[in-house]
Amino acid sequence: MRGLVTKALANFFTVMEGGAVRQCRARGVLKKKGITILVGDVVEVEPVGATEGVIVEVLPRKTELVRPPVANVDQAVLVASMAVPDFHPRLLDRMLVTVQAAGLRPLIVLTKTDLVTAEAVAQAMAPYAQAGYTVLPVCAQTGDGVDAVRAQLENRISVFAGASGVGKSTLANAVLPGLGLKMGEVSRLGRGRHTTRHVELFPFGSSGFIADAPGFSQLDLLVQSDELRRYFPDFEVVARHCEYRGCLHDEEQHCGVKEAVREGRLSRSRYDSYLAFLRELQEKEANLY
Ligand SMILES: Nc1nc2c(ncn2[C@@H]2O[C@H](COP(=O)(O)OP(=O)(O)OP(=O)(O)O)[C@@H](O)[C@H]2O)c(=O)[nH]1
Ligand SMILES: [Mg+2]
Ligand SMILES: [Zn+2]
């Protein structure tokens, strides 16, 4: 029997097949071969009785994310809050690079819009909308924007990613009423407690799934420094004016990207993220040799 791993806790896996679930262990040989099993994996199971089984094979993955650890998702819902915790464009930019490099479609959701002015929301959204990303503001309090998020989740496997406390579980509960995921208490806000402790996939609509996941603040960039610019689609048009074909938009003269930033046509925050990531990757690469 073939199924989908919807939950992984210690060495126990929940495998779903046609709406029914089995509690499974992994065959020892998988571990010996160094094969890990992730939520989202499609696996071959030898049934044991009516409700249990043994995972004997993991099928090749279409996509794989390290953080949150999940396989085969098509879309990453990058959740960032406007306040509590504060909006951190750097972390959002980092997540954008990571998920695009992993071959996922990014969807940006800005939460807690009730805690700031409409102007602040518009300002936060602008650079990302300009870059061509879909950016949706939501407020869990009023339910504003929840339908628009729901529409983006149809027929896809999506994972919710973002810092702890930004409202991932709250959003999952809002798009899928009755889910009943545990959410952070207001009294704990801002203290960086992790309410969600594992990744879990839930069926959504007729053929979709959504995965809630624990929050994170650290995220390794798994790309080459000279490939980084590929993951900044907002640089593409202005980079046509760079004098050098391989321009890294760093120290080069006559750089279309730097010119656009100077003239206010490209977000400085986005460029600052790019430069910070470029340095980080260049340092990492220098330490390898
Ligand atoms: N004011 C306001 N508070 C919100 C909103 N969305 C979520 N919250 C609150 O933010 C807190 C954290 O929400 P969670 O959904 O637990 O956050 P999370 O991203 O799942 O956090 P982790 O599981 O720790 O990663 C809760 O107290 C929510 O009630 C919103 O739109 N407005
Ligand atoms: Mg949570
Ligand atoms: Zn350039």
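User: How many residues does helix H2 have, and how far does it reach?
Analyst: Helix H2 (residues 89–101) has 13 residues and reaches 18 Å from its first C-alpha to its last. That is close to the 18 Å expected at 1.5 Å a residue; the expected span is 1.5 Å times one less than the number of residues. Helices (H or I, at least four residues) and strands (E, at least two) are DSSP runs, numbered from the N terminus.

User: What sort of model is this?
Analyst: This is a predicted model, where local features need pLDDT of at least 70, side-chain atom pairs count only at pLDDT 80 or more, and totals for chains, interfaces and linings use all residues. Residues are numbered from 1 along each chain as its sequence is written, while chains are lettered from A and ligands numbered from 1 in the order in which they are written.

User: Which residues of H2 are buried?
Analyst: Leu91, Leu92, Asp93, Arg94, Met95, Leu96, Val97, Thr98 and Val99. Buried means that 20 or more other C-beta atoms lie within 10 Å of the residue's own (exposed: 12 or fewer; partly exposed: in between), with C-beta atoms placed from the backbone.

User: What do they pack against?
Analyst: Strands E6 (64–65), E8 (75–81), E9 (105–111) and E11 (157–161), and helix H7 (268–288).

User: Which residue just after H2 has a positive phi?
Analyst: Gly103, at about 85°.

User: Back to E11. How many of its residues are buried?
Analyst: 5 of its 5 residues are buried. Ile157, Val159 and Ala161 point one way from E11, and Ser158 and Phe160 the other way.

User: Which strand does E11 join by 4 bridges?
Analyst: E8, and the two run parallel. Strands pair if DSSP finds at least two bridges between them. Leu78 stands opposite Ala161 in E11.

User: And E13?
Analyst: E11 and strand E13 (residues 208–212) pair in the parallel sense over 3 bridges. Here Ser158 stands opposite Ile210 in E13.

User: New topic. How many residues surround ligand 1?
Analyst: 24, and the closest are Gly167, Thr170, Gly184, Thr196 and Gly215. A residue is near a molecule if its C-beta atom, placed from the backbone, lies within 6 Å of it. The largest share of the shell, 3 residues, comes from helix H5 (residues 168–175).

User: How many helices and strands are in the chain?
Analyst: There are 7 helices and 13 strands. The C-alpha atoms fill a box of roughly 70 × 50 × 35 Å, taken along the principal axes. Of the 289 residues, 38% count as buried.

Methods. Contact = placed C-beta atoms within 7 Å.
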